[in-house]
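Colleague: I'm new to reading protein models. Could you walk me through this one?

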Amino acid sequence: MIVRQLTCRRLTSQLCAAVRLNWSAPKMARPSSNLTEFREHFAKAKHIAIITGAGVSAESGVPTFRVQGVHAFLSFRLFVFLDLATPEAFSRDPSLVWEFYHYRREVMRSKMPNPAHLAIAECESRLSKQGRSVVIITQNIDELHHSAGSKHVYEIHGETTRNNLNSNTFSSTVGNVSFVLCVYRCDRSGCNGLLRPHVVWFGETLDSDILTAVEQELEICDLCLVVGTSSVVYPAAMFAPQVAGRGVPVAEFNMECTPATKRFKYHFEGPCGVTLPPALERHESEAI
């Protein structure tokens, strides 16, 4: 099924406008690293939004575009990620792109959730029993949040284990015979259409239904965590500033400062698997 989509440019403009209209809290000159103070906000929060990025996956050993270079080694051939993760690459050589994503799937299947994933899942499960909610909004496509046990997850960039029916029209030359085994086709009667990975490629639009749901979650959250993301990939980069713009505490957990750090109330530097678990553990005010 072809999902409704909005262009990233249009959505980003909407989010930027929302930030400008709702911005009331002053920008923080230096975010706090006071964990005790953060924990007081955590104890009172009823709806917590956790935005995660590649930094969380990297701590499980998942290769990322930024951390482990931009190259992939496939069948003794060196390719640049950006040359393969595009609709144009799939149009030119779908078999090669499928070979690349098969490689990525195999790599991701070998990885396990790390302490950050597990802390988020445990927190979600624990707080749900108290009538509180945790939602995970992730840019990652490895499904490690699901593996850790998280239930309320929005994967805005898709996931590697699912396929979509490709809507593009290809010429008769598509599908080099020597690589035809790497191409997947729809098995529905009378279709036989070319399938593609269920991920958002560079230059593509995002699922408007998912983005609408994410916006609704961000509008009601009273605490937001930004975990392992560089805050440079749009539209996700605007999510937390949008929340901060209406005066909601935002805490950033990352290996380094980002372009958005000074907009947030808290910043905890270091590996997410080290900094996040103590931040999300049971608070003394919680019922046992």
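Colleague: In what order do the six strands of the open sheet come?

Modeller: Strands here are DSSP E runs of at least two residues, and helices are H or I runs of at least four residues, both numbered from the N terminus. Two strands pair if DSSP finds at least two bridges between them. In this open sheet the pairing is parallel, and the order is β6-β5-β2-β10-β11-β12.

Colleague: Before we go on, what sort of model is it?

Modeller: Residues are numbered from 1 along each chain as its sequence is written, and side-chain values use heavy atoms, leaving out hydrogens and water. Local features need pLDDT of at least 70, side-chain atom pairs count only at pLDDT 80 or more, totals for chains, interfaces and linings use all residues, and the model is predicted.

Colleague: Over how many bridges do β2 and β5 pair?

Modeller: Take β2 as residues 47-52 and β5 as residues 133-138. T52 stands opposite T138 in β5. The two strands run in the parallel sense, and the bridges number six.

Colleague: Is S57 buried or exposed?

Modeller: S57 is found in helix α3, residues 54-58. Buried means under 20% relative accessible area, exposed over 50%, and partly exposed in between (1.4 Å probe, protein chains only). S57 has 2%, so S57 is buried.

Colleague: And with which side chain does the side chain of S57 make a polar contact?

Modeller: A polar contact is a pair of N or O atoms within 3.5 Å; within protein, one must be able to donate a hydrogen and the other to accept it, and residues adjacent in sequence count only if both atoms are side-chain atoms. For S57 the distance is 2.3 Å, and the partner is D142.
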